[in-house]
Amino acid sequence: MTQQLSMKISDDLDTRLRAAAAGNVSQWVTEAIQDRLDRDMWNASKEVDALLGITEDWMAERIRLRDRVRSADSR
């Protein structure tokens, strides 16, 4: 199912959008919206990770521990 979206944009933005979209404005806008939603979701998940104390260092340590266990299991 799809929905039709109608919006008003400035003439300048319309010109830039049409040039960037190379003839397929609907597809370009759909991809831009999806990219933005994905980016917002990623940023929100990083904020939750920070609240839980899940940092890059924490993840790296978990990977080291996992690899150590896998190495011991393969012997």
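Q: Where do Arg18 and Asp14 lie, and how far apart are they in the chain?
A: Helices are DSSP runs of H or I with at least four residues, numbered from the N terminus. Here Arg18 and Asp14 both sit in helix α1, 4 residues apart, about one turn of the helix. This is a predicted model, where local features need pLDDT of at least 70 and side-chain atom pairs count only at pLDDT 80 or more, while totals for chains, interfaces and linings use all residues. Residues are numbered from 1 along each chain as its sequence is written, and side-chain values use heavy atoms, with hydrogens and water left out.

Q: What joins the side chains of Arg18 and Asp14?
A: A salt bridge is a side-chain nitrogen of Lys or Arg within 4 Å of a carboxyl oxygen of Asp or Glu. Arg18 and Asp14 meet in one, at 2.9 Å from N to O. The structure holds 5 salt bridges.

Q: Is Arg18 buried or exposed?
A: Buried means under 20% relative accessible area, exposed over 50%, and partly exposed in between (1.4 Å probe, protein chains only). Arg18 is exposed because its value is 51%, whereas Asp14, at 24%, is partly exposed.

Q: How do α1 and α2 pack?
A: Two packed helices are described by the angle between their axes and the distance between the axes. Axes are lines fitted to C-alpha atoms, for helices over the stretch in contact, and angles run from 0 to 180 degrees between N-to-C directions. Helix α1 (residues 11-21) meets α2 at about 95°, with axes 9 Å apart. So α1 is roughly perpendicular to α2, a word for angles of 65 to 115 degrees.

Conventions. Helices (H or I, at least four residues) and strands (E, at least two) are DSSP runs, numbered from the N terminus. Angles under 35 degrees count as roughly parallel, over 145 as roughly antiparallel, 65 to 115 as roughly perpendicular and the rest as oblique.
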